[in-house]
Amino acid sequence: MPQTGRIAFGNMEAVTFGRPAAEAVAEEVRRCEAEHVFLMVSGTLNRATDEIAKVRRALGNRCAGVFDHMPPHTPRHAVIEAAAMAREAGADLIATIGGGSVTDGAKAVQLCLANDIRNAEALDDCRPRPDGTTPDLHPPTVRQITVPTTLSAGEFSAISGVTDERRKVKELFRHPLIIPRAVMLDPAITVHTPEWLWLSTGIRAVDHCVEGICSGEANPYADAQALHGLSLLTRGLPRVKTDPADIDARLDCQLGSWLSMGPLASGVPMGASHGIGYVLGAAFDIPHGHTSCIMLPAVMKWNKPVNAERQALVAAAMGHPGEDAGEVLDAFIAGLGMPRSLGAVKIGPENFDRMAEQAMRTPWVPRNPRSIKGPAQVREILELAA
């Protein structure tokens, strides 16, 4: 029987690349005919550089307010605070400039504005039900445009990851219209991003590519994007480490990050690296990029008995045909100076049982290409990453 599938194209209208952020944002605002633009931005960019000031000048009196203190992992309380500010400002468009936590925060703010959510507990009514279905939500009318400054690529999905501080659990909120209307990739603005953050979120994008390629539900459309994205990322990241001022290499990384979302955008699930990564982020405050640096090679090793043929595609795309993909990834990550074990981030075996239990409740561990039937198998992966 032939392979079957369905590719659903989302509600993103445009991706602009290679232009200065202020110029690109102002043009998109005009295209959207917005009059009250609420900025959600990196605090570091706002306070330590003139990049946000450039955007504000380009917007003129269309700038309705600025929120610049979204913590890592997008906690609920900060989403509610930003939504209140946007509501007070009468926002008709949200523009984000920053990393994945800022981007995800604005996605959640869209849902808060559309559904009159004014406190953290009310977000319970927006999260997916236990059976995986999504509650009926009013669609966002205040949309988002985004300038990403890291490579984790959440701006290309209609999913917002928000941490429930009560339980230290990251939850995924979904709606087709929370994907940004437009994304603007400006490599020059990313020179302010700390090296560790740029490189580690680059590995997050590598993780998107690799888990998409290695999925048991992969499709040719996703493969085409993920394989080329992986090639761009694994060429570009070392060049940026060698020369942080290499704007062409930074753009290669950004384009690779965009392509890395091909699998997720076309319905291919991620696997155990992403699932365990959610637990590491929410429960232990490990940065997104570092979770992939630590978990991806271990997951590849554990999965190899069932998908060695797919893993061979990964090694070839990284320029190492015929070699073990997990080992190639391990050496690549180590070469960037990133953490390579749970021990390196001070997580010991005494935490593994709790982590394994929580990982089973993430959306991705049950979709791992090698079947994971219970916490004991998650613990096997954790021990490989110890």
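Trainee: How are α10 and α13 oriented to each other?

Mentor: Before I answer, please note that this is a predicted model, in which local features need pLDDT of at least 70 and side-chain atom pairs count only at pLDDT 80 or more, while totals for chains, interfaces and linings use all residues. Residues are numbered from 1 along each chain as its sequence is written, and side-chain values use heavy atoms, with hydrogens and water left out. Helices (H or I, at least four residues) and strands (E, at least two) are DSSP runs, numbered from the N terminus. Axes are lines fitted to C-alpha atoms, for helices over the stretch in contact, and angles run from 0 to 180 degrees between N-to-C directions. Angles under 35 degrees count as roughly parallel, over 145 as roughly antiparallel, 65 to 115 as roughly perpendicular and the rest as oblique. Here helix α10 (residues 272–284) and α13 pack at an angle of about 120°, with axes 9 Å apart, and therefore α10 and α13 are oblique to each other.

Trainee: Which residues of α10 and α13 make the contact?

Mentor: Contact means heavy atoms within 4.5 Å. From α10 come Ile 276, Val 279, Leu 280, Ala 283 and Phe 284, and from α13 come Arg 354, Met 355, Gln 358 and Ala 359. For classes, Ala, Val, Leu, Ile, Met, Phe, Trp, Tyr, Cys and Pro count as nonpolar, Asp, Glu, Lys and Arg as charged, and the others, Gly among them, as polar. On that basis the contact of α10 with α13 has 7 nonpolar, 1 polar and 1 charged residues.

Trainee: How are α7 and α8 oriented to each other?

Mentor: The axes of helix α7 (residues 220–242) and helix α8 (residues 247–260) come within 7 Å and cross at roughly 150°, which means that α7 is roughly antiparallel to α8. Among the residues that meet are Leu 232, Leu 233 and Leu 237 in α7, and Ala 249, Cys 253 and Leu 255 in α8. By class, the contact of α7 with α8 has 9 nonpolar, 6 polar and 4 charged residues.

Trainee: What is a nonpolar core, and how many residues has the largest one here?

Mentor: In soluble globular proteins, nonpolar side chains tend to be buried together. A nonpolar core is a set of buried Ala, Val, Leu, Ile, Met, Phe, Trp, Tyr and Cys residues joined through side-chain atoms within 4.5 Å, where buried means under 20% relative accessible area, exposed over 50%, and partly exposed in between (1.4 Å probe, protein chains only). The largest nonpolar core has 31 residues, and those with the most contacts inside it are Val 206, Val 210, Leu 230, Leu 237 and Val 314. At least two residues of this core come from each of α6 (195–214), α7, α8, α11 (288–317) and α12 (325–335), and α6 gives the most, with 9 residues. Apart from it lies another core, of 26 residues, among them Met 40, Ala 82, Val 142 and Val 162.

Trainee: Is Ala 153 buried or exposed, and what is its phi?

Mentor: Ala 153, in the loop between β5 (143–148) and β6 (159–164), has a positive phi of about 75° although it is not a glycine. Ala 153 counts as buried, because its relative accessibility is 0%. Lys 346 also is not a glycine and has a positive phi of about 65°, and its place is the loop between α12 and α13 (352–360). With 76% relative accessibility, Lys 346 counts as exposed.
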